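Hi everyone, thanks for coming. I'd like to walk you through one model today, so let me put it up on the screen.

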Amino acid sequence: MTRTALFSPVEIVDGARERGIVLIGDHARNAVPDEYGNLGLPAAEFERHIAYDIGVEWVTRRLAALIGAPAVLAGFSRLLIDPNRGEDDPTLIRQLYDGTVITGNYPISAQERARRLDRFYRPYHDAVAAMTASVAAASGRAPFIISIHSFTPAMQGRRRPWHVGILWDSDDRAVKPVLEALRADPDLVVGDNEPYDGALRGDTMFRHAIVNGYAHLLIELRQDLIATEVGAARWAERLAPILDAVDRRDDIHQVKQFGSRTGPVSQGAST
Ligand SMILES: [Zn+2]
């Protein structure tokens, strides 16, 4: 894991804001500031999927360079607090994850929970909101938001056959053409809302895309395929032309409300 004296909850990867695209890496990093130690865990746990999305930082940086768009990466491990959850989600600060008890999170005081929201979670979401607003202003149209995640090849003894999954709630503008393009390759096993259902109230896509009516999608890549920089670059190169083609579709840069399968959507509904 990475430790620095000055810990930043967010990193911005520069790119042309007038391009109208924002890349997001919620789980790109496994870092925790010094005073949290290893949250009571052996250091090796921080190399596992429970601490971060393996390979995502490489894929996101390469995609940002290929597409020429900015990216926002969370600078902290999801074991500290998970930025891709609503503030009231019970898995916001996990005490048990895939067989590992997170000692440093159990028990957790209301004060410590509030501290992590203020120090990590909220600055990150403020940065995503600021970037989205800045891209909207620079491009003069609704931004297209692309979130990159990765998933572990096996969870609770169950193997996951997909190479890539597209997660979504109700807005299919970007989802349908991307699924179609990926499925054109007969060697790929492509998941539609696999390995998870993408409708999650208060998550990053809900807060920054769905509430605003911005076209978006969440791409889940299987971790073993992007666990090396070469593998990650290969996936970024596969995805870039597909996303570029979708970006040029008529309806992508328009504000359009599709609602949510999780309930009514309104500004501020996420918290
Ligand atoms: Zn993730």
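What percentage of the 271 residues in the chain do buried residues make up? The answer is 42%. Do keep in mind that this is a predicted model.

Let's take the overall picture. The chain has 5 helices and 11 strands, and its C-alpha trace spans about 50 × 40 × 35 Å along the principal axes. A compact globule of 271 residues would have a radius of gyration near 18 Å, and the chain agrees, because its value is 18 Å. Of the contacts with a separation of 6 or more, 84% join residues 24 or more positions apart.

Now, please look at strand β11, residues 216-222. Here 7 of the 7 residues are buried, so the strand is largely enclosed by the rest of the structure. His216, Leu218, Glu220 and Arg222 point one way, while Leu217, Ile219 and Leu221 point the other way. In a regular strand, side chains alternate between the two faces of the sheet.

Which strands pair with β11? One is β6, residues 144-151, parallel over 7 bridges, with Ile145 as the bridge partner of His216. Another is β9, residues 164-167, antiparallel over 4 bridges; there Gly165 partners Glu220.

Finally, the core. The largest nonpolar core has 68 residues, and Leu217 and Ile219 are among those with the most contacts inside it, as are Val22, Leu23, Val59 and Ile146. Setting aside residues up to four places away in sequence, Leu23 touches Thr60, Leu63, Ala64, Ala69, Ala71, Ile146 and Ile148.

That's my tour, thank you!

Conventions. Residues are numbered from 1 along each chain as its sequence is written. This is a predicted model: local features need pLDDT of at least 70, side-chain atom pairs count only at pLDDT 80 or more; totals for chains, interfaces and linings use all residues. A nonpolar core is a set of buried Ala, Val, Leu, Ile, Met, Phe, Trp, Tyr and Cys residues joined through C-beta atoms within 7 Å. A residue is buried if 20 or more other C-beta atoms lie within 10 Å of its own, exposed if 12 or fewer, and partly exposed in between; C-beta atoms are placed from the backbone. Two residues are in contact if their C-beta atoms, placed from the backbone, lie within 7 Å. Helices (H or I, at least four residues) and strands (E, at least two) are DSSP runs, numbered from the N terminus. The radius of gyration is taken over C-alpha atoms; the globule rule is 2.2 Å times the number of residues to the power 0.38. Two strands pair if DSSP finds at least two bridges between them.
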